[in-house]
Amino acid sequence: MESQSLILFFVIALVLVGGAIAFSMLIAPRSFNPAKSEPYECGIPTEGPAWIQFNVGYYLFAIIYLIFDVETVFLFPWGVVMKQIGMRAFIEIIIFFFVLGLGLLYAWKKRALKWV
Amino acid sequence: MQNLYDFSILTGAIHESLSRSMSPGWVTFTELVIIGLVFLLFFALLGLFLVYLERKVCAIIQNRVGPNRVGKWGLLQTIADLIKLLIKELIPIRKSDKFLFNLAPFIVIIASLMAMAALPFAKGLHAIDFNIGVFYVMAVSSLGVVGILLAGWSSNSKYSLIGAMRSGAQIVSYELSVGLSLLAIVVFSGSMQLSAIIESQANGWWIFKGHIPAFISFVIFLIASTAEINRGPFDLAEAESELTAGFHTEYSGIKFAFFFLAEYINMFIVAGIAATVFLGGWMPLHIGSWEGFNHIMDFVPPIVWFFLKTFFIIYVIMWFKWTFPRLRIDQLLTLEWKYLLPVSLVNIVVIAFLVLMGWHF
């Protein structure tokens, strides 16, 4: 039932968006004008494409995020069995967090967390 | 008393009456269609109502009246807006990546609809009850960022690209804090299933039972999830005073409406998860052993409790937006990486210690 429901909600979303866009295309007016299909730039003619080199800062944060997000994936199963395992799980997570904290401190010291 | 409002009786009755006249395969199919239609209707109406609510709350905070012409108290205003958006022209951008440009609204809506499917509205009123519920909601709702990035990149406009990049950095950063604050309650209740988490709060909500660490988690969750859904004061992705409309600058008509709808539905999902995980979901408010009070509270149906808590949190999130000024991107990332993340890591250790010692109720 559950995997079927997942597919169901996927299909509903497709139907909702697709149906509305198709309906809108049917009834909405259409007119052609070369200036209208330019990307918006405060009303003046568009200068060059937007697909250019970009500030590296965004990628840096994405890379640091990857490390910590994988960690979150590891933490969730730990959270579920924490009560049953007890002391050993607690000590293990302290070691885990120690290593992780070192990583965060390293990134901090290397100024990876500073916006350039 | 608990059985009076049990929705599994209703769903069971529907299932039985269908089984009498059809073969099992058709029963499943019909049920799926019913669930689908109910959710479709709920999704659309909820989105429209939340937009109306936002405008009214904003108006009250700014000492205005808000929409009050279309329908009673302006209730039909957003429906009128929807019809207007539906009959507007969909303008294609000549230099854009057409396929990705059209795909983006689909991804955004798929993410928010699939995440909403996991919300438990009342006992037995639950479309998907995974044993990894919390994780599922986190995973699916973070798919939305793909849609936002695609929308910004594919429209080949500078405003859109900057908005999408900001939104990407912001959403991935704050997702860590959202995950860690939800993990706090997973440690407390020892389960990721949303219905099991609610059951564990029958004798008190986690925000009360979990002492101060649970409250810290709740506050972190509120801040981080406000950033996750790109709402003010974290709405850098569509900062209208600098980026026109951010990642959906180039979208028009109904495609724009879907980004708008997804934002409000995401707000509902976040508030619903906060209500479920921290505030007891559909469990009524009980005060210790005050029998009289507890009995009166039991008479309020669970679904009303769920919506009361959810709309309370939605109101708080709206209150944030209309009270605080927008952050800069460096302030935003500093807040997450230098404050919220270390605090939530320490908080997890404290909670693990509390659970180890059995110091929660």
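Two residues are taken to be in contact if their C-beta atoms, placed from the backbone, lie within 7 Å. By this criterion, residues 24 or more positions apart account for 78% of the contacts in chain B with a separation of 6 or more. The structure is a predicted model, in which local features need pLDDT of at least 70 and side-chain atom pairs count only at pLDDT 80 or more, whereas totals for chains, interfaces and linings use all residues. Residues are numbered from 1 along each chain as its sequence is written, and chains are lettered from A and ligands numbered from 1 in the order in which they are written.

Chain B contains 15 helices and 0 strands, helices (H or I, at least four residues) and strands (E, at least two) being DSSP runs numbered from the N terminus. The radius of gyration of chain B is 21 Å, close to the 21 Å given by the globule rule for 361 residues, so chain B is as compact as a globular protein of that length. This radius is taken over C-alpha atoms, and the rule is 2.2 Å times the number of residues to the power 0.38. The C-alpha atoms of chain B fill a box of roughly 65 × 60 × 45 Å along the principal axes. Of the 361 residues in chain B, 49% are buried; a residue is buried if 20 or more other C-beta atoms lie within 10 Å of its own, exposed if 12 or fewer, and partly exposed in between, with C-beta atoms placed from the backbone.

Chain A comprises 3 helices and 0 strands. Its radius of gyration is 25 Å, well over the 13 Å that the globule rule gives for 116 residues, so chain A is more spread out than a compact globule. Its C-alpha atoms fill a box of roughly 70 × 50 × 15 Å along the principal axes, and 18% of the 116 residues count as buried. The mean pLDDT (the predictor's confidence in each residue, from 0 to 100) of chain A is 83, and 98% of the residues score at least 70.

At the interface, 53 residues of chain A are in contact with 66 residues of chain B. The elements of chain A that give two or more residues to this side are α1 (2-27), α2 and α3, with α1(A) giving the most, 18 residues. By class, the side of chain A that touches chain B has 38 nonpolar, 8 polar and 7 charged residues (Ala, Val, Leu, Ile, Met, Phe, Trp, Tyr, Cys and Pro count as nonpolar, Asp, Glu, Lys and Arg as charged, and the others, Gly among them, as polar). Val17(A) is found in helix α1 of chain A and counts as buried because it has 24 C-beta neighbours inside 10 Å. Neighbours within four places in sequence aside, Val17(A) is in contact with Pro105(B), Phe106(B), Ile109(B) and Phe258(B).
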